[in-house]
Amino acid sequence: MRYDAGEVITAMVTPFNEKREVEYEKIEALASYLVENGSDAVLVTGTTGESPTLTFDEEIEIMSSAKRAVNSRGKVIMGTGSNSTETAVMMAKRAQKEGADAILSVVPYYNKPSQSGLIEHFSAIAEAVELPIILYNIPSRTGINMAPETVKTLAKKYQNIVALKQSYADMDTLTELRTICPADFTIYSGDDSLTLPMLSLGAHGVISVASHLFGNEIKSMVRNFKTGDITTAKNMHIKLFPIFKKLFMVSNPVPVKAALASKGLIEEYVRRPLVELTKAEKADLLFTLDSI
C-alpha cells in the first residue's frame with residue numbers, strides 16, 4: 001500500500017526570538033496555521049527548520065510542540081538525518097519514542113559515502129525503528145547523489161522505507177526512479193518549482209517551502225493536475241513560479257522567514273552562521289510576494 005502523508009507537506013521553519021531561542025508557542029501557532037491552510041502534514045527539524053543549529057533536545061521539543069498543535073488534523077514528520085549513522089539511528093529512535101508519525105532522513109553530507117555506504121547507513125536506520133522513513137536526496141547540500149538503484153534496493157528490502165524526497169532537477173533520473181522502484185513507493189518533489197513537472201512523471205506531491213505562504217494554492221495546483229485540469233494547474237505554477245525562485249535568493253530558510261515575519265506570523269531571526277536578509281534583499285522579496 002502506498003504511503004501517504006498527504007500531497008502537500010510543509011518543511012516548517014523554526015521560529016526564534018531576538019536571542020535566537022526557540023519559540024515553542026509560535027511553533028504550535030505556525031503548525032496549526034499550516035494545516036488550516038493547505039498543508040496535509042508538517043515536517044519539522046529539517047533543513048528549513050535549521051536542524052544543523054538545533055540541539056537534540058530542542059529537536060524533540062519542537063516535534064512534540066508541533067504534534068500537540070496539529071493533533072489529528074495531519075501528520076508530523078521529523079527530520080532525523082545526520083552524517084553520522086549512529087546519530088541518525090539514535091534520533092530515529094527518539095522520534096519514534098516521542099510519537100512522530102514518520103521520519104525524514106537525509107543522505108549523509110560532507111562524508112561523501114559510496115552508494116554501498118548509503119545502503120548500510122539507511123539499512124541501520126530502517127532496522128532500528130518501525131516508523132515510516134522518507135529518504136531525502138539533495139545533492140546540492142550533501143555533495144553526492146543517491147542513485148536510483150540505491151533507492152530501489154532500499155525500498156525493496158525494507159517495508160518501512162516508504163518514500164523519497166527528491167531535490168534533484170533531472171527528469172530522466174525521476175523517470176528511472178519511477179520505473180525501477182516498487183509501484184507503491186511514494187516520491188515527493190523536494191523543490192516547489194519542480195512539483196508540476198514531477199507530478200507528470202508520477203510524483204505524489206511536494207515537501208514544500210512556499211506552502212508556508214501559498215499552501216491552499218499549491219494544494220489546488222496538485223489537485224487540479226490529478227483531476228485532469230492541467231491548464232489550471234499550469235497557470236497556478238506559472239503564477240507562483242516567481243516566489244518559488246525568490247524564496248531561494250539566498251540560503252533557505254532566510255527568505256521564507258522574512259516573508260512570514262512580514263505577515264506577523266513569526267520573527268525573521270535565524271541562527272548563525274545564517275544571517276537575516278539585507279534591507280535591499282527584503283524589499284526585493286516583498287515586492288515579488290506582493291505581486292503574486
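Where is the kink in α9 centred? The kink, of about 45°, is centred on E217. The bend at a residue is the angle between axes fitted to the seven residues ending there and the seven starting there.

This is a predicted model: local features need pLDDT of at least 70, side-chain atom pairs count only at pLDDT 80 or more, and totals for chains, interfaces and linings use all residues. Residues are numbered from 1 along each chain as its sequence is written, and side-chain values use heavy atoms, without hydrogens and water.

**Helix α9**

Helix α9 covers residues 211-226 and spans only 18 Å between its end C-alpha atoms. A straight helix of 16 residues would span 22 Å at 1.5 Å a residue. Helices (H or I, at least four residues) and strands (E, at least two) are DSSP runs, numbered from the N terminus. G228 follows α9 and has a positive phi, near 95°.

**Pockets**

A pocket is an open set of points on a 1 Å grid over the protein atoms alone, where a 1.4 Å probe fits, with protein on both sides within 12 Å along at least five of seven lines; lining residues have an atom within 4 Å of a point.

| Largest | about 470 Å³ | S51, P52, G81, V106 and Y109 |

The largest pocket is lined by 22 residues. β4 (102-106) gives the most to this lining, with 3 residues. α2 (56-70), α3 (85-97) and α5 (139-142) each supply at least two.

Note on methods. The expected span of a helix is 1.5 Å times one less than its number of residues. Grid points are joined across faces, edges and corners, and a volume is the space filled by probe spheres set on the points.
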